Amino acid sequence: MQALRVENLSDDLSGVSLVDMAVPERAEGEVLIRVRAASLNFPDLLMTQGKYQFKPEPPFTSGLELAGEVVEADPESGFKPGDQVIGGNKTGAFAEVISLPARALSPLPAGLNFAEGASMGAAYVTAYTGLVELCGLAPGQWVLVTGASGGVGLAAADLARALGAKVIAATGVDSKRSRIKDLCHPDAVIVSEGRFREQVAEIASGKLCDIVFDPVGGDVFDECTRCVAFGGKLVVVGFTSGRIAEIATNIPLIKGFSIVGLRAGEYARHFPARGAAIRSAVAELAEAGRISPAIDRVLPLSRWREGFEAMADRELVGKVVFEPGS
(Lines give C-alpha, C1' and ligand atoms only; values in the text may rest on other atoms or scores of the structure.)
Protein backbone atom coordinates (compact mmCIF):
# COMPACT_ATOMS: atom_id res chain seq x y z
CA MET A 1 0.00 0.00 0.00
CA GLN A 2 0.97 3.67 -0.23
CA ALA A 3 1.40 5.84 2.84
CA LEU A 4 2.60 9.36 3.53
CA ARG A 5 5.67 8.99 5.70
CA VAL A 6 7.56 11.55 7.72
CA GLU A 7 11.11 10.22 7.40
CA ASN A 8 12.80 13.28 8.91
CA LEU A 9 11.56 16.43 10.63
CA SER A 10 11.88 19.55 8.47
CA ASP A 11 10.42 23.04 8.13
CA ASP A 12 9.86 22.70 4.37
CA LEU A 13 8.29 19.20 4.05
CA SER A 14 11.54 17.87 2.60
CA GLY A 15 11.43 15.00 5.08
CA VAL A 16 7.97 13.87 3.90
CA SER A 17 7.28 11.48 1.01
CA LEU A 18 4.70 9.05 -0.35
CA VAL A 19 6.13 5.53 -0.10
CA ASP A 20 5.17 1.91 -0.73
CA MET A 21 5.04 -0.19 2.42
CA ALA A 22 3.50 -3.38 3.75
CA VAL A 23 -0.17 -3.44 4.72
CA PRO A 24 -0.35 -3.41 8.54
CA GLU A 25 -1.29 -6.56 10.38
CA ARG A 26 -4.32 -6.30 12.61
CA ALA A 27 -3.55 -6.82 16.29
CA GLU A 28 -6.02 -8.27 18.78
CA GLY A 29 -8.69 -5.72 19.63
CA GLU A 30 -8.03 -3.70 16.49
CA VAL A 31 -10.06 -3.15 13.34
CA LEU A 32 -8.47 -3.17 9.89
CA ILE A 33 -9.82 -0.33 7.72
CA ARG A 34 -9.52 0.60 4.08
CA VAL A 35 -9.16 4.37 4.18
CA ARG A 36 -11.47 6.16 1.76
CA ALA A 37 -10.81 9.71 2.96
CA ALA A 38 -8.49 11.36 5.49
CA SER A 39 -8.54 15.03 6.44
CA LEU A 40 -5.60 17.31 7.09
CA ASN A 41 -5.39 19.01 10.48
CA PHE A 42 -2.98 21.69 11.64
CA PRO A 43 -1.26 19.27 14.05
CA ASP A 44 -0.38 17.09 11.03
CA LEU A 45 1.61 19.99 9.61
CA LEU A 46 3.23 20.79 12.96
CA MET A 47 4.27 17.15 13.46
CA THR A 48 6.30 17.21 10.22
CA GLN A 49 8.31 20.00 11.87
CA GLY A 50 8.49 18.55 15.37
CA LYS A 51 6.52 21.53 16.73
CA TYR A 52 3.39 19.85 18.07
CA GLN A 53 2.87 18.83 21.73
CA PHE A 54 2.93 15.17 20.65
CA LYS A 55 6.29 14.44 19.01
CA PRO A 56 6.44 11.00 17.37
CA GLU A 57 9.89 9.78 16.43
CA PRO A 58 10.40 9.51 12.64
CA PRO A 59 9.70 7.58 10.59
CA PHE A 60 5.94 7.63 11.05
CA THR A 61 2.85 7.78 8.86
CA SER A 62 1.12 11.16 9.03
CA GLY A 63 -2.60 11.77 9.54
CA LEU A 64 -4.96 12.19 12.49
CA GLU A 65 -8.43 11.29 11.20
CA LEU A 66 -10.14 9.24 8.53
CA ALA A 67 -13.25 7.62 7.16
CA GLY A 68 -13.34 4.23 5.52
CA GLU A 69 -14.66 0.69 5.36
CA VAL A 70 -13.97 -2.15 7.76
CA VAL A 71 -11.94 -4.96 6.19
CA GLU A 72 -11.48 -7.20 9.19
CA ALA A 73 -12.60 -7.09 12.83
CA ASP A 74 -13.22 -9.32 15.85
CA PRO A 75 -16.96 -10.06 16.33
CA GLU A 76 -16.87 -8.58 19.84
CA SER A 77 -15.55 -5.26 18.48
CA GLY A 78 -19.04 -4.24 17.36
CA PHE A 79 -17.86 -3.87 13.75
CA LYS A 80 -17.95 -6.21 10.76
CA PRO A 81 -16.47 -6.15 7.26
CA GLY A 82 -18.15 -3.55 5.06
CA ASP A 83 -19.15 -1.21 7.91
CA GLN A 84 -18.51 2.44 7.16
CA VAL A 85 -16.65 4.13 9.99
CA ILE A 86 -14.92 7.31 11.08
CA GLY A 87 -12.13 7.59 13.59
CA GLY A 88 -8.55 8.45 14.14
CA ASN A 89 -5.33 8.24 15.97
CA LYS A 90 -2.41 10.58 16.54
CA THR A 91 -0.78 9.23 13.36
CA GLY A 92 -1.39 6.80 10.50
CA ALA A 93 -4.45 8.09 8.63
CA PHE A 94 -2.69 9.11 5.39
CA ALA A 95 -2.45 5.56 4.09
CA GLU A 96 -4.54 3.16 2.06
CA VAL A 97 -5.03 0.81 5.02
CA ILE A 98 -4.82 1.35 8.79
CA SER A 99 -5.39 -0.83 11.85
CA LEU A 100 -6.94 0.95 14.85
CA PRO A 101 -8.36 -0.02 18.24
CA ALA A 102 -12.12 -0.49 18.03
CA ARG A 103 -12.62 2.22 20.70
CA ALA A 104 -11.11 4.78 18.29
CA LEU A 105 -13.91 4.21 15.75
CA SER A 106 -17.54 5.23 15.35
CA PRO A 107 -20.10 4.53 12.62
CA LEU A 108 -20.12 7.05 9.78
CA PRO A 109 -23.06 9.36 10.59
CA ALA A 110 -26.03 8.82 8.31
CA GLY A 111 -26.19 11.30 5.45
CA LEU A 112 -22.45 12.04 5.41
CA ASN A 113 -20.09 10.86 2.67
CA PHE A 114 -16.55 9.71 3.41
CA ALA A 115 -14.98 13.15 2.85
CA GLU A 116 -17.46 14.79 5.22
CA GLY A 117 -17.05 12.06 7.80
CA ALA A 118 -13.28 12.39 7.73
CA SER A 119 -13.63 16.14 8.28
CA MET A 120 -15.97 16.00 11.24
CA GLY A 121 -14.34 14.21 14.15
CA ALA A 122 -11.35 16.23 15.30
CA ALA A 123 -12.81 19.64 14.51
CA TYR A 124 -16.31 19.20 15.91
CA VAL A 125 -15.27 17.10 18.90
CA THR A 126 -12.75 19.82 19.78
CA ALA A 127 -15.39 22.52 19.35
CA TYR A 128 -18.01 20.62 21.39
CA THR A 129 -15.56 19.78 24.17
CA GLY A 130 -14.53 23.41 24.49
CA LEU A 131 -17.83 25.20 24.00
CA VAL A 132 -20.29 22.80 25.64
CA GLU A 133 -18.35 20.47 27.94
CA LEU A 134 -15.90 23.00 29.40
CA CYS A 135 -17.76 26.29 28.99
CA GLY A 136 -21.41 25.26 29.30
CA LEU A 137 -22.55 27.07 26.17
CA ALA A 138 -26.16 28.26 26.45
CA PRO A 139 -28.56 29.67 23.83
CA GLY A 140 -28.36 33.43 23.49
CA GLN A 141 -24.76 33.75 24.67
CA TRP A 142 -22.29 35.73 22.59
CA VAL A 143 -19.38 33.66 21.26
CA LEU A 144 -16.29 35.02 19.49
CA VAL A 145 -14.39 32.47 17.37
CA THR A 146 -10.98 33.41 16.00
CA GLY A 147 -9.28 31.54 13.16
CA ALA A 148 -12.74 31.02 11.72
CA SER A 149 -11.49 29.97 8.29
CA GLY A 150 -9.71 26.92 9.69
CA GLY A 151 -11.29 23.54 10.28
CA VAL A 152 -11.63 23.91 14.06
CA GLY A 153 -12.66 27.57 13.89
CA LEU A 154 -15.35 26.90 11.30
CA ALA A 155 -16.61 23.95 13.32
CA ALA A 156 -16.80 26.06 16.48
CA ALA A 157 -18.72 28.83 14.73
CA ASP A 158 -21.05 26.32 13.05
CA LEU A 159 -21.67 24.41 16.29
CA ALA A 160 -22.25 27.52 18.41
CA ARG A 161 -24.79 28.82 15.90
CA ALA A 162 -26.53 25.42 15.77
CA LEU A 163 -26.86 25.46 19.56
CA GLY A 164 -28.48 28.88 19.64
CA ALA A 165 -25.53 31.14 20.43
CA LYS A 166 -24.87 34.51 18.81
CA VAL A 167 -21.63 34.13 16.88
CA ILE A 168 -18.91 36.56 15.82
CA ALA A 169 -16.45 34.83 13.50
CA ALA A 170 -13.00 36.40 13.13
CA THR A 171 -10.46 35.83 10.39
CA GLY A 172 -7.07 37.32 9.63
CA VAL A 173 -7.81 37.49 5.88
CA ASP A 174 -10.46 39.93 4.66
CA SER A 175 -11.07 38.02 1.41
CA LYS A 176 -12.29 34.99 3.38
CA ARG A 177 -15.14 36.81 5.10
CA SER A 178 -17.89 36.08 2.56
CA ARG A 179 -16.95 32.40 2.34
CA ILE A 180 -17.08 32.06 6.14
CA LYS A 181 -20.48 33.73 6.23
CA ASP A 182 -21.82 31.36 3.57
CA LEU A 183 -20.49 28.27 5.36
CA CYS A 184 -21.47 28.79 9.00
CA HIS A 185 -23.90 31.75 8.97
CA PRO A 186 -22.53 33.69 11.97
CA ASP A 187 -24.14 36.93 13.15
CA ALA A 188 -21.05 38.81 11.97
CA VAL A 189 -17.62 38.21 10.44
CA ILE A 190 -14.75 40.54 11.36
CA VAL A 191 -11.06 40.82 10.55
CA SER A 192 -8.92 40.06 13.59
CA GLU A 193 -6.28 42.75 13.11
CA GLY A 194 -5.20 45.36 15.61
CA ARG A 195 -7.77 46.54 18.14
CA PHE A 196 -10.96 44.68 17.23
CA ARG A 197 -12.57 44.88 20.69
CA GLU A 198 -14.64 47.90 19.66
CA GLN A 199 -16.10 45.99 16.71
CA VAL A 200 -17.01 43.09 18.99
CA ALA A 201 -18.69 45.41 21.51
CA GLU A 202 -20.63 47.22 18.80
CA ILE A 203 -21.90 43.97 17.24
CA ALA A 204 -22.88 42.64 20.68
CA SER A 205 -24.90 45.79 21.45
CA GLY A 206 -22.38 47.13 23.91
CA LYS A 207 -21.67 43.79 25.55
CA LEU A 208 -18.60 41.62 25.32
CA CYS A 209 -18.49 37.86 24.74
CA ASP A 210 -19.45 35.12 27.17
CA ILE A 211 -17.05 32.72 25.43
CA VAL A 212 -14.00 33.47 23.29
CA PHE A 213 -12.69 30.43 21.39
CA ASP A 214 -9.13 31.09 20.20
CA PRO A 215 -7.08 28.68 18.05
CA VAL A 216 -4.76 31.50 16.89
CA GLY A 217 -2.81 32.79 19.88
CA GLY A 218 -0.22 35.53 19.57
CA ASP A 219 -1.46 39.08 19.01
CA VAL A 220 -5.01 37.81 18.48
CA PHE A 221 -5.04 36.23 21.93
CA ASP A 222 -3.78 39.49 23.43
CA GLU A 223 -6.76 41.34 21.97
CA CYS A 224 -9.14 38.51 22.88
CA THR A 225 -8.45 39.24 26.55
CA ARG A 226 -10.20 42.57 25.95
CA CYS A 227 -13.24 40.88 24.37
CA VAL A 228 -14.31 38.61 27.26
CA ALA A 229 -17.24 39.67 29.42
CA PHE A 230 -17.03 39.61 33.21
CA GLY A 231 -17.59 36.00 34.27
CA GLY A 232 -16.80 34.78 30.77
CA LYS A 233 -14.34 32.19 29.51
CA LEU A 234 -11.39 32.49 27.13
CA VAL A 235 -10.60 29.08 25.59
CA VAL A 236 -7.01 28.43 24.52
CA VAL A 237 -7.21 26.01 21.60
CA GLY A 238 -3.88 26.45 19.81
CA PHE A 239 -1.27 28.77 18.38
CA THR A 240 -1.63 28.85 14.59
CA SER A 241 -0.09 32.34 14.61
CA GLY A 242 3.18 30.76 15.71
CA ARG A 243 3.50 32.72 18.96
CA ILE A 244 2.44 31.34 22.32
CA ALA A 245 0.96 34.33 24.11
CA GLU A 246 1.58 35.26 27.73
CA ILE A 247 -0.78 37.02 30.11
CA ALA A 248 -0.32 38.83 33.39
CA THR A 249 -2.58 37.13 35.92
CA ASN A 250 -3.97 40.46 37.14
CA ILE A 251 -5.87 40.76 33.84
CA PRO A 252 -8.25 37.79 34.36
CA LEU A 253 -8.40 38.73 38.06
CA ILE A 254 -9.52 42.31 37.43
CA LYS A 255 -11.78 41.45 34.49
CA GLY A 256 -13.24 38.38 36.21
CA PHE A 257 -12.85 35.87 33.39
CA SER A 258 -11.46 32.34 33.27
CA ILE A 259 -8.81 30.98 30.91
CA VAL A 260 -9.63 27.42 29.85
CA GLY A 261 -7.09 25.11 28.21
CA LEU A 262 -8.57 22.78 25.61
CA ARG A 263 -7.06 19.45 24.50
CA ALA A 264 -10.05 17.42 23.39
CA GLY A 265 -8.12 14.21 22.82
CA GLU A 266 -6.57 14.30 26.26
CA TYR A 267 -9.94 15.15 27.81
CA ALA A 268 -11.46 12.04 26.21
CA ARG A 269 -8.54 9.89 27.35
CA HIS A 270 -8.91 11.10 30.93
CA PHE A 271 -12.72 10.82 30.86
CA PRO A 272 -13.59 8.05 28.36
CA ALA A 273 -17.32 8.05 29.13
CA ARG A 274 -17.55 11.80 28.56
CA GLY A 275 -15.50 11.47 25.36
CA ALA A 276 -17.92 8.86 24.03
CA ALA A 277 -20.90 11.05 24.94
CA ILE A 278 -19.35 13.99 23.11
CA ARG A 279 -18.76 11.93 19.95
CA SER A 280 -22.35 10.68 20.13
CA ALA A 281 -23.72 14.22 20.53
CA VAL A 282 -21.72 15.46 17.54
CA ALA A 283 -22.91 12.52 15.40
CA GLU A 284 -26.54 13.23 16.34
CA LEU A 285 -26.19 16.87 15.33
CA ALA A 286 -24.63 15.85 12.01
CA GLU A 287 -27.33 13.27 11.26
CA ALA A 288 -30.00 15.88 12.01
CA GLY A 289 -28.37 18.25 9.52
CA ARG A 290 -27.72 20.88 12.19
CA ILE A 291 -23.94 20.95 11.58
CA SER A 292 -22.07 20.44 8.34
CA PRO A 293 -18.29 20.00 7.90
CA ALA A 294 -16.75 22.57 5.55
CA ILE A 295 -14.36 21.18 2.92
CA ASP A 296 -12.06 23.45 0.94
CA ARG A 297 -10.77 20.79 -1.45
CA VAL A 298 -10.54 17.03 -1.98
CA LEU A 299 -7.22 15.73 -3.38
CA PRO A 300 -5.73 12.36 -4.22
CA LEU A 301 -3.06 11.46 -1.68
CA SER A 302 -0.47 11.79 -4.45
CA ARG A 303 -1.10 15.57 -4.28
CA TRP A 304 -0.43 15.71 -0.53
CA ARG A 305 2.10 18.53 -0.91
CA GLU A 306 -0.53 20.84 -2.42
CA GLY A 307 -2.73 20.37 0.63
CA PHE A 308 0.04 20.83 3.19
CA GLU A 309 1.36 23.95 1.43
CA ALA A 310 -2.12 25.46 1.16
CA MET A 311 -2.51 25.03 4.91
CA ALA A 312 0.92 26.49 5.64
CA ASP A 313 0.19 29.47 3.37
CA ARG A 314 -3.20 30.15 5.06
CA GLU A 315 -5.09 29.66 1.78
CA LEU A 316 -7.83 27.42 3.12
CA VAL A 317 -11.41 28.01 4.19
CA GLY A 318 -12.33 24.61 5.61
CA LYS A 319 -10.62 21.24 5.47
CA VAL A 320 -8.34 19.52 2.96
CA VAL A 321 -9.33 15.89 2.40
CA PHE A 322 -6.99 13.31 0.86
CA GLU A 323 -8.29 10.20 -0.90
CA PRO A 324 -5.73 7.37 -0.67
CA GLY A 325 -5.61 5.11 -3.68
CA SER A 326 -6.95 7.73 -6.10
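This is a predicted model: local features need pLDDT of at least 70, side-chain atom pairs count only at pLDDT 80 or more; totals for chains, interfaces and linings use all residues.

Trainee: How far is the sulfur of Cys 224 from the closest cysteine sulfur?

Mentor: A disulfide needs the two sulfur atoms within 2.5 Å. The closest cysteine sulfur belongs to Cys 227, and it is too far for a bond. The distance is 5.6 Å.

Trainee: How many disulfides does the structure hold?

Mentor: A disulfide is a covalent bond between the sulfur atoms of two cysteines. The structure's count is zero. Cys 184 is in none, for its nearest cysteine sulfur, in Cys 209, is 14 Å away. So the number of disulfides is zero.

Trainee: Is Cys 184 buried or exposed?

Mentor: The cut-off for buried is under 20% relative accessible area. Cys 184 has 1%, so Cys 184 is buried.

Trainee: What is the distance between the end C-alpha atoms of helix H9?

Mentor: H9 covers residues 272-287, which is 16 residues. At 1.5 Å a residue, H9 should span 22 Å. The end C-alpha atoms agree with that, at 23 Å apart.

Trainee: Which helices do the buried residues of H9 pack against?

Mentor: The buried residues of H9 include Gly 275, Ile 278 and Leu 285. They pack against helices H2 (114-134), H3 (151-162) and H8 (264-270).

Trainee: Which strand gives the most to the lining of the second largest pocket?

Mentor: That pocket is lined by 15 residues. Strands E4 (60-61) and E7 (97-101) each supply at least two. The most, three residues, come from E7.

Methods
Residues are numbered from 1 along each chain as its sequence is written. Side-chain values use heavy atoms; hydrogens and water are left out. Helices (H or I, at least four residues) and strands (E, at least two) are DSSP runs, numbered from the N terminus. The expected span of a helix is 1.5 Å times one less than its number of residues. Buried means under 20% relative accessible area, exposed over 50%, partly exposed in between (1.4 Å probe, protein chains only). Contact means heavy atoms within 4.5 Å. On a 1 Å grid over the protein atoms alone, a cavity is a set of points where a 1.4 Å probe fits but cannot get out, and a pocket is an open set with protein on both sides within 12 Å along at least five of seven lines; lining residues have an atom within 4 Å of a point.
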